[in-house]
Amino acid sequence: MSRNLALSKPSSIFSRISPSPKLLPSDLHPFPDHESNNPHDIHSPTFNPESFYTSLLDRSTCKKHLNQIHSQTIVTGLHSNGFIVTKLIHTASNLGYIPYARQVFDEFPDPYVFLWNAIIRGYSRQNMFNEAIGLYTRMQDAGVGPDCFTMPHVLKSCGGAAAFEVGRAVHAQIFRRGFESDVFVQNGLVAFYAKCGRVDNARGVFELLGDHRTIVSWTSIISAYAQNGQPIEALNFFKNMRSYGLQVDWITLVSGISAYADIEDLGQGKSLHSCVIKMGLESEPDLRIALITLYAKCGNVMVAKALFDETETCNVIMWNTMISGFAKNGCCGEAISVFQRMLTKKLKPDSVTICSTILACAQLGSLEEARKMGGYIDKSEYKADVFVSSALIDMYAKCGGVELARKVFDQTKTKDIVVWSSMIVGYGLHGKAHEAISLFSMMKQAGMSPNDVTFIGLLTACNHAGLVEEGWRIFNSMKDYNIEPRHQHYACVVDLLGRAGCLDRAYDFIKKMPIKPGVSIWGALLSASRIYRHVELGEYSAQHLFSLDPYNTGHYVQLSNLYASVRMWSGVARIRVLMKEKGLAKDMGCSMIEIDGKLQVFRMGDKSHPRSDEIFKEHKKLDTRLKEAGLVADTESALHDLSYEDKEESICNHSERLAIVYGLMSTPFGTTLRITKNLRACVNCHAAIKLISRLENREIVVRDANRFHHFKNGECSCGDYW
């Protein structure tokens, strides 16, 4: 009779289920052959339906089981039992069957608070935050008052959806309904404010908890500071919590390790790693991610890799952490290899994966790798992603493909300020000032307001092109857009004036700056002093640099170069002694060229290459041709008090010259050669490469420490101004 009644509702979800007397073997047979005192036997006088169905649902692992159990409740007339339906919704939600859970909920007449809690919790746990908030609104419209179990899930959803105003309204309801003393609700408030970046509000709620704080309360406030860029405060709370004798859990450890990673305190981070091991939590995914991040950020990238490699199942976040860790520690090739491994495992990368790999390609400087990455993105769902587009523009520009960068820019339909600024910065890197300024005009015509990065790109472009007055005008126009110049803007102006020979003007500009000059500003003035052989101003700049950044080898080398350029060999010797006392060694010049997908590395006078005999033989022939074409070495730029012949030989054996010779030997006629050097190109090599481009009829692109040089037909894109 009950079966017929249940199936007489054509619109009900129950009518779409085919009841079966055999649902789960030995569990769901409703008609046993003998009398029983088993409480799970429906004919037993001690039968407890709630216990029976709870037991079945706890063992359910798939939708088929849920259908069978649901069908049995119809057969036995228990489909209106609120407790059983609530448990069914919980189980369906936990197994990820949210639509099924929602169908069950929607078919229940006049659901009371526990059913509302179950479905809201289900949506919240599946990160369907807006849907959970919508259900909470419906619940109130239906006249059902929330209880203390409703609020934490609603607050979690408000935090996840960044629905700050809705969360504030929920906070007000908490007071009106008398839940302000419920510690679980208050913990939810702390977490909500933390997610919305309102750390002060989170702390206010935490302080009101007083002696009622639990480990969850402490974890919430620690996470609040850690997630909002205040690692020192997070660690202070972490230490206070431990002073109360509270036992940390894995969530607290994640926040603590993350905070130590942010301040790059590897020693304290290792102590928490020991706690993780002692507590047997090494396999906890979030902890493993935090530990990999800790070691990667602190430069121990191989330890991070070891943790990564021994993880049996890595989620996308772990792969992202490893790729980002390699990229940020200069291991660009390894970062790209990890990305390729990820693809071979059929794992789907997200936008963070893509952007981290693009960053690695940009740092590597390989146009071939950049093209491969661009080709992958063209076929992916991220082709129209504005963040990916801006990263691609930056990558192509840093790899020497400024035309490819412009192509991506032109194909980007929705251009935000980051996209515009990326292209302007790209032009600046290549010294294309007129293109950068023209694009800036287009940007303003499109109704887009510049940001501080836009002006860095414009000032860099003017700097590299020697457009002093135009750069000065652009700098002064920043106030028209209510943009306060940062240290980097001031450094660009000092470099702009200094490179143009306006040393006194640059010095006066520094003296009148509203901020205290830092390393980059004094470094720009020292560099200009070396170019124009202004010893007094160079020494003054160097004194500030040695005070601010005493272990940066580059500052000492710059001053030594200045002394050498005016033949002050005693000054050179003094700098050598000073560097020796500080344990500093001059950075070796290093140049890379990519041939057939393989990077070849050369150093000055390097004879370690398998083809070194052939390289030096061809190098000698090319050097003879250069001299016959009129090239004369500028030995004044040599750093040592050597004979003319020794100076000349030292200059001719610079790493970029060897890389170019190898490229000429290894590629077909007409192939563009692309060289990356870690130091600034010297005057002699610059003059030689210009002549080589004409003699060999090749385009040669050199990326040095400052900018790109495009050599073609005996000319350089920098106009001999760099």
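1. Helices, as the word is used here, are DSSP runs of at least four residues, numbered from the N terminus. The structure under review is a predicted model. In that numbering, helix H17 covers residues 301–309, and both lysine 305 and aspartate 309 lie in it. These two residues are 4 residues apart, about one turn of the helix. They form a salt bridge, with the closest N and O atoms 2.7 Å apart. Lysine 305 is partly exposed at a relative accessible area of 25%, and aspartate 309 is likewise partly exposed, at 38%.

2. The search of the whole structure returns 23 salt bridges. Another of these joins arginine 486 to aspartate 452, where the closest N and O atoms are 2.7 Å apart. This pair links distant parts of the chain, the two residues being 34 residues apart. Arginine 486 sits in the loop between helix H27 (468–476) and helix H28 (487–499), whereas aspartate 452 belongs to helix H26 (residues 452–465). Both side chains have intermediate accessibility: arginine 486 is partly exposed, with a relative accessible area of 35%, and aspartate 452 is partly exposed, with 22%.

3. A further salt bridge brings together the side chains of arginine 625 and glutamate 696, at 2.6 Å from N to O. Arginine 625 is in helix H34 (residues 612–628), while glutamate 696 is in the loop between helix H37 (683–695) and strand E4 (700–703), so the pair ties together parts that are 71 residues apart in sequence. The two partners fall into separate accessibility classes: arginine 625 is partly exposed at 34%, but glutamate 696, at 18% relative accessibility, counts as buried.

4. Salt bridges also occur as a network, which links Arg203, Glu207, Arg213 and Glu233.

5. The buried residues of H9 are Phe164, Gly167, Val170, His171, Gln173 and Ile174. They pack against four helices: H7 (129–141), H8 (150–160), H10 (183–195) and H11 (199–209). After H9 comes glycine 178, whose phi is positive, near 80 degrees.

6. In residues 112–146 the end C-alpha atoms lie 10 Å apart, and the span is 74% helix and 0% strand. For residues 315–349 the end C-alpha atoms lie 10 Å apart, with 74% helix and 0% strand.

7. How many disulfides does the model contain? The count comes to 0. A disulfide is a covalent bond between the sulfur atoms of two cysteines. For cysteine 332, the closest cysteine sulfur is that of cysteine 331, and the separation of 7.5 Å is too far for a bond, the cut-off being 2.5 Å. Cysteine 332 counts as buried, at 7% relative accessibility. Cysteine 399 is in no disulfide either, since the nearest cysteine sulfur, in cysteine 361, is 6.8 Å away. At 3% relative accessibility, cysteine 399 also counts as buried.

Definitions and conventions: Residues numbered from 1 in each chain as written. Predicted model: local features only at pLDDT ≥ 70, side-chain atom pairs only at ≥ 80, totals over all residues. Heavy atoms only, no water. Buried < 20%, exposed > 50% of the residue type's maximum accessible area, 1.4 Å probe, protein only. Contact = heavy atoms within 4.5 Å. Salt bridge = Lys/Arg side-chain N within 4 Å of Asp/Glu carboxyl O.
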